[in-house]
Amino acid sequence: MRVHELYDRLNKQQRGRTWTREEFMLGFMGDVGDLAKLVMGAEGARTMRGGQAALEHELADCLWSVIVLARLYGIDLEETFRHTMTELEQAIASKLSDEER
């Protein structure tokens, strides 16, 4: 959240306002697009500028955006993640045969 606060200060200084939650989400979507290009590059489907370091950076950017969005919407991401993974594990396991579990 410290980095988010710094971005808010910088935007306020440079543009006279901070990003809305919607604008932050659009920025995240841009990062996901960048990540998609880097994954394609890592798989040989396109040229990948920056190599593994760029992929690592973009994954961290995307994770940071998810953390910030959760905070902006008052979501306890750690608790929600655990709950969601438990639900998914149970739903998937219920569809597998005993041997596949």
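This is a predicted model: local features need pLDDT of at least 70, side-chain atom pairs count only at pLDDT 80 or more; totals for chains, interfaces and linings use all residues.
Residues are numbered from 1 along each chain as its sequence is written, and side-chain values use heavy atoms, leaving out hydrogens and water.

Side chains of opposite charge can pair when their charged atoms come close. A search of the whole structure turns up three salt bridges (a side-chain nitrogen of Lys or Arg within 4 Å of a carboxyl oxygen of Asp or Glu). R82 makes one with E78, where the closest N and O atoms are 2.5 Å apart, and another with E79, at 3.5 Å. Salt bridges that share partners join E78, E79 and R82 into one network.

R82 and E78 sit four residues apart in helix α4, about one turn of the helix (helices are DSSP runs of H or I, at least four residues, and strands are runs of E, at least two, numbered from the N terminus). R82 and E79 are also about one helical turn apart, because three residues separate them in α4. E78 counts as exposed at 54% relative accessibility, whereas E79 is partly exposed at 43%.

## The E23–R17 bridge

Elsewhere, the side chains of E23 and R17 meet in a salt bridge, with 2.6 Å from N to O.

## An aromatic cluster

Now for the rings. The structure has three aromatic pairs (rings of Phe, Tyr and Trp, the last by its six-membered ring, with centres within 6.5 Å; planes under 30 degrees apart count as stacked, over 60 as edge-to-face and the rest as tilted). Y7 and W64 make a tilted pair, 5.8 Å centre to centre with 50° between the planes. Y7 lies in helix α1 (residues 2–15) and W64 in helix α3, so this pair ties together parts that are 57 residues apart in sequence.

W64 also pairs with F24: their ring centres are 5.4 Å apart and their planes at 65°, so the pair is edge-to-face. Here F24 of helix α2 is linked to W64 of helix α3, 40 residues apart. F24 is buried, at 7% relative accessibility, whereas W64 is partly exposed at 22% and Y7 partly exposed at 45%. Ring pairs link Y7, W19, F24 and W64 into a cluster.

R21 lies over the face of Y73, 4.1 Å from the ring centre (a charge sits over a ring if NZ of Lys or CZ of Arg is within 6 Å of the ring centre and within 35 degrees of the ring normal).

Y73 also belongs to a nonpolar surface patch with L63, V66, I67, I75 and L77, and together they have about 510 Å² of accessible area. Patch residues have over 30% relative accessible area and no salt bridge, with nonpolar side chains (Val, Leu, Ile, Met, Phe, Trp, Tyr) joined within 5 Å and like charges within 9 Å; areas come from the Shrake-Rupley method with a 1.4 Å probe, and for residues only the protein chains shown count as cover. Helix α3 (residues 51–72) gives the most to the patch, with three residues. L77 lies in helix α4 (residues 77–95).

Methods. Buried means under 20% relative accessible area, exposed over 50%, partly exposed in between (1.4 Å probe, protein chains only).
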